[in-house]
Amino acid sequence: MKYYLSIPQPTFLHRACYVMLAFVLTVLSTELASLSVGEASTFQLLSVTAGTFVALTYLYGKTGICGVFVGLTFYYSFINIKPSGIGYLYTLIISALLMLSLRVIERIKNHQHATKFIFGYFVFCLPGITTLALSILAPNELNRTLALHLYLTDSIGILITAPIIALAILSVQRIRSPKSLKKLLMSLLPAHMLCKLALVATLVLVLERLGQEHVDSYLYYMMLAPLVILAVLTFQN
């Protein structure tokens, strides 16, 4: 989480480009999640949207959050209109919480274990507070089962997709020559990468198999807790 805190202040042109990039990624990821069919087989495609929001906040701070807000507003106004207004409510809640997360980062950024705390905040607290707020403000739209779906898919989505999206954007920015690409590839330790890939594959397998067999039950989510905790410890750096 130290990246955007250490970069120089961007120019107006850079900010505009970041907002546009965040806008495009927000619309595309939200549309991708909406293409999912069925309750348990897709899990909103592991809520790649939430992972995108966190990655953009991590990389671009307030500028990224502005792009997320504009992207969600555009999406729910012109692409996937929600008559109940739940889309706009979700937009306001997630944007406010992402802004709040910047304050959290600023307060603890110099702590010895700041990265662990911030990663845990995004994985556990952000989706939890979002789900709780939606349940309170829109109780007719979010029952207990849907709330658990939303919380755990967002949590796992952030856990898996946010580091991948952030790493992809950073890698593209850092690749300026074949030498820099080779150096980047050499920095990825094969053993560590294999362990992380195996952990992600196990999470997806548990979601897919158990979700299809017990679509009406929420208790099987509890089986994911050890895997999610292990993944947080593995991906925290």
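**Exercise 1. Classify Tyr121: buried or exposed?**

Step 1. Find the cut-offs. Buried means under 20% relative accessible area, exposed means over 50%, and partly exposed lies in between (1.4 Å probe, protein chains only).
Step 2. Apply them. Tyr121 has 12% relative accessibility, so Tyr121 counts as buried.
Step 3. Tyr121 sits in helix α6. Helices (H or I, at least four residues) and strands (E, at least two) are DSSP runs, numbered from the N terminus.
Step 4. List the neighbours. Contact means heavy atoms within 4.5 Å. Leaving aside residues up to four places away in sequence, Tyr121 touches Leu97, Leu100, Ser101, Val104 and Leu126.
Step 5. Look at one pair. Tyr121 and Val104 lie 17 residues apart in sequence, and their C-alpha atoms are 9.0 Å apart.

A note on the model: it is predicted, so local features need pLDDT of at least 70 and side-chain atom pairs count only at pLDDT 80 or more, while totals for chains, interfaces and linings use all residues. Residues are numbered from 1 along each chain as its sequence is written, and side-chain values use heavy atoms, with hydrogens and water left out.

**Exercise 2. Describe the whole chain: how many helices and strands are there?**

Step 1. Count the elements. The protein chain has 10 helices and zero strands.
Step 2. Check burial. Of its 237 residues, 41% count as buried.
Step 3. Check the contacts. Take those between residues at least 6 apart in sequence: 75% of them join residues at least 24 apart.

**Exercise 3. Work out how α4 and α5 run relative to each other: at what angle do their axes cross?**

Step 1. Recall what to look for. Two packed helices are described by the angle between their axes and the distance between the axes.
Step 2. Read off both values. The axes of α4 (residues 62-79) and α5 (residues 86-108) come within 9 Å and cross at roughly 175°. Axes are lines fitted to C-alpha atoms, for helices over the stretch in contact, and angles run from 0 to 180 degrees between N-to-C directions.
Step 3. Classify the angle. Under 35 degrees is roughly parallel, over 145 roughly antiparallel, 65 to 115 roughly perpendicular, and the rest oblique. Therefore α4 and α5 are roughly antiparallel to each other.
Step 4. Name the contact residues. Those of α4 include Ile65, Val68, Phe69 and Leu72. Those of α5 include Tyr90, Ile94, Leu98 and Leu102.

**Exercise 4. Find the core: which residues have the most contacts inside it?**

Step 1. Define it. A nonpolar core is a set of buried Ala, Val, Leu, Ile, Met, Phe, Trp, Tyr and Cys residues joined through side-chain atoms within 4.5 Å.
Step 2. Read the answer. The largest such core has 43 residues, and Leu98, Phe122, Leu126 and Ile158 have the most contacts inside it.
Step 3. Name the suppliers. α3 (43-60), α4, α5, α6 (114-137) and α7 (144-174) each give at least two residues to this core.

**Exercise 5. Classify Thr63: buried or exposed?**

Step 1. Locate the residue. Thr63 is in helix α4.
Step 2. At 7%, Thr63 is buried.
Step 3. List the contacts. Thr63 touches Arg15, Tyr18 and Val19, not counting residues up to four places away in sequence.
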